[in-house]
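Hi everyone, thanks for making time this morning. I'd like to walk you through a structure I've been looking at, so please have the viewer open while I talk.

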Amino acid sequence: MRFALDLHIHTLLSPCAGIEMIPVNIVRRVQEVGIDIMAVTDHNAVGNAESVIKSALKYAPGLGVFPGIEVTSKEEVHILGILPSVESARKLESMIHSHLVNPPVKDSLAEQLIVDEDANFIRYEEHFLMGATDFSVEEVSDLIHSFDGIVIPAHIDRESFGLIYNLGLFPPDLEVDAVEVSKFAKESTLVNLRRLIPPDVPVLFSSDAHFLDDIVPPRSFLELMDKSFDSLKEALKNYGYVRNHKTGG
Amino acid sequence: MTFRELLGNLPLENLGDDFDLDKSPRGGYVGDLLSNVMRFAKEGNVWITVQTHINVIAVATLVGISGIIFPCGVEPPEETIKKAREEHIALLTTKLDAFTLCGKIYELGIR
């Protein structure tokens, strides 16, 4: 079946996201615009992933939600990790938290809210999520893969925290399962980016939504057996083959 | 002014025994975003950066950078140093911050 994806959505846990990004608002809007599978990807944290998953079961049945995280590497490159379970996401998060290099700045924690599926306050996240880790991009990728996660460098077409902008070239030893470009990337940008990344890497469009209005109709679709994590992983792995086959490469 | 002379005049540390320090940098550039460095740094420049990813050496080779100085006590990983050896790009580090380092290098005549 063909499913629409948006694998990069923030909640109110991210200090830069709007307060309206509570689980119920997110899952309802995501379903409304026609997305079948989404991932919760806050900066360096997974505290609201489970609430969004529970909220989807309650308020947007049928919507597939994966736990995820947007990790900041030491080169200040953003890399998405999409995880098979909340448990593995939490384990990954604790590794990330012990490698964040910046201590909390004054008043920053009040903007890092962890809530339940009905948006009841649970606690503030005490780590400073806007800082960087001391992991290189390759180490971030290896770490996510060690938890059987999917590695996707985020918004590689963008100037802030983008892989190509910060590192100039696609790092030769970086292993990724896909790359993400902005949902609004132009065709000309895509043609240029294609030349900069390995030929068998799928390109996904995501919203990187920080506010409800950022959640817009999907631009990425994949043929999947079902909405399971394994199907998604499998489809991304086979994408290169299908693509190369079609183009005769 | 060669890299060897810079080492003699400033609190710098050489990161490899076999780097060619007798090259003389022509001007310099400061930047940590590699796409920006690829665009604006010039051949022969000494490059001051806190970026230590191995891609630094790829970019230095593309541009024709003569050597790299890491400020703020930053030291690159072994793989970056190894790649620098292969590409004959000298790597130095200093406890000075980038602003102070640039000022001192400029005063010594590299501009």
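I'll go through the two chains, then the contact between them, and finish with a few individual residues.

One thing to keep in mind throughout: this is a predicted model.

Let's begin with chain A. The C-alpha trace spans about 55 × 40 × 30 Å along the principal axes. How does the radius of gyration of chain A sit against that of a compact globule? For 249 residues, a compact globule would come out near 18 Å, and chain A has 17 Å, so the two agree. Of those 249 residues, 49% are buried. If you take the contacts in chain A with a separation of 6 or more, 77% of them join residues 24 or more positions apart.

Now over to chain B. Here we have five helices and five strands, and reading from the N terminus the order is α-β-β-α-β-α-β-α-β-α. The radius of gyration is 12 Å, close to the 13 Å that the globule rule gives for 111 residues, so chain B is as compact as a globular protein of that length. Its C-alpha trace covers about 30 × 30 × 25 Å along the principal axes. Buried residues account for 39% of the 111 residues in chain B. In the contacts of chain B with a separation of 6 or more, residues 24 or more positions apart make up 49%.

So much for the chains on their own; next, where they touch. Nine residues of chain A and ten residues of chain B take part in the contact. Which helices of chain B each bring at least two residues to the side that touches chain A? They are α2, residues 34-40, and α3, residues 55-63. By class, that side of chain B has six nonpolar residues, four polar ones and no charged ones.

I'd like to stay with α3(B) for a moment. Its buried residues are B:Asn55, B:Val56, B:Ile57, B:Val59, B:Ala60 and B:Val63. What do they pack against? Across the chain boundary there is α5 of chain A, residues 163-167, and within chain B there are α2, β3 (46-48), β4 (67-70) and α4.

The pairing of α3(B) with α4(B) is worth a look on screen. Helix α4 of chain B runs over residues 78-87, and its axis comes within 8 Å of the axis of α3(B), with a crossing angle of roughly 20°. Angles under 35 degrees count as roughly parallel, so that is what we call α3(B) and α4(B). Their crossing is right-handed. If you want to pick out the side chains, select B:Val56, B:Ile57 and B:Thr61 from α3(B), which meet B:Thr80, B:Lys83, B:Ala84 and B:Glu87 from α4(B). This helix contact has three nonpolar, two polar and two charged residues.

Let me turn to backbone angles. A:Phe161 has a phi near 65°, and sits in the loop between β7 (150-153) and α5 of chain A. Is A:Phe161 buried or exposed? It has 21 other C-beta atoms within 10 Å, and the cut-off for buried is 20 or more, so A:Phe161 is buried. B:His88 has a phi near 55°, and is found in the loop between α4 and β5 (90-94) of chain B. With 13 C-beta neighbours inside 10 Å, B:His88 counts as partly exposed.

One last residue. A:Ile156 lies in the loop between β7 and α5 of chain A, and is buried, with 26 other C-beta atoms within 10 Å. Leaving out residues up to four places away in sequence, A:Ile156 touches A:Gly162, A:Leu163, A:Ile164, A:Val179, A:Glu180, A:Val181 and A:Leu193. Its C-alpha atom is separated by 8.7 Å from that of A:His78, which is 78 residues away along the chain.

That's my tour; happy to take questions.

Definitions and conventions:
Residues are numbered from 1 along each chain as its sequence is written. Chains are lettered from A and ligands numbered from 1 in the order in which they are written. This is a predicted model: local features need pLDDT of at least 70, side-chain atom pairs count only at pLDDT 80 or more; totals for chains, interfaces and linings use all residues. Two residues are in contact if their C-beta atoms, placed from the backbone, lie within 7 Å. Helices (H or I, at least four residues) and strands (E, at least two) are DSSP runs, numbered from the N terminus. Ala, Val, Leu, Ile, Met, Phe, Trp, Tyr, Cys and Pro count as nonpolar, Asp, Glu, Lys and Arg as charged, and the others, Gly among them, as polar. The radius of gyration is taken over C-alpha atoms; the globule rule is 2.2 Å times the number of residues to the power 0.38. A residue is buried if 20 or more other C-beta atoms lie within 10 Å of its own, exposed if 12 or fewer, and partly exposed in between; C-beta atoms are placed from the backbone. Axes are lines fitted to C-alpha atoms, for helices over the stretch in contact, and angles run from 0 to 180 degrees between N-to-C directions. Angles under 35 degrees count as roughly parallel, over 145 as roughly antiparallel, 65 to 115 as roughly perpendicular and the rest as oblique. A crossing is left-handed if the near helix is turned anticlockwise from the far one by less than a right angle, and right-handed if clockwise.
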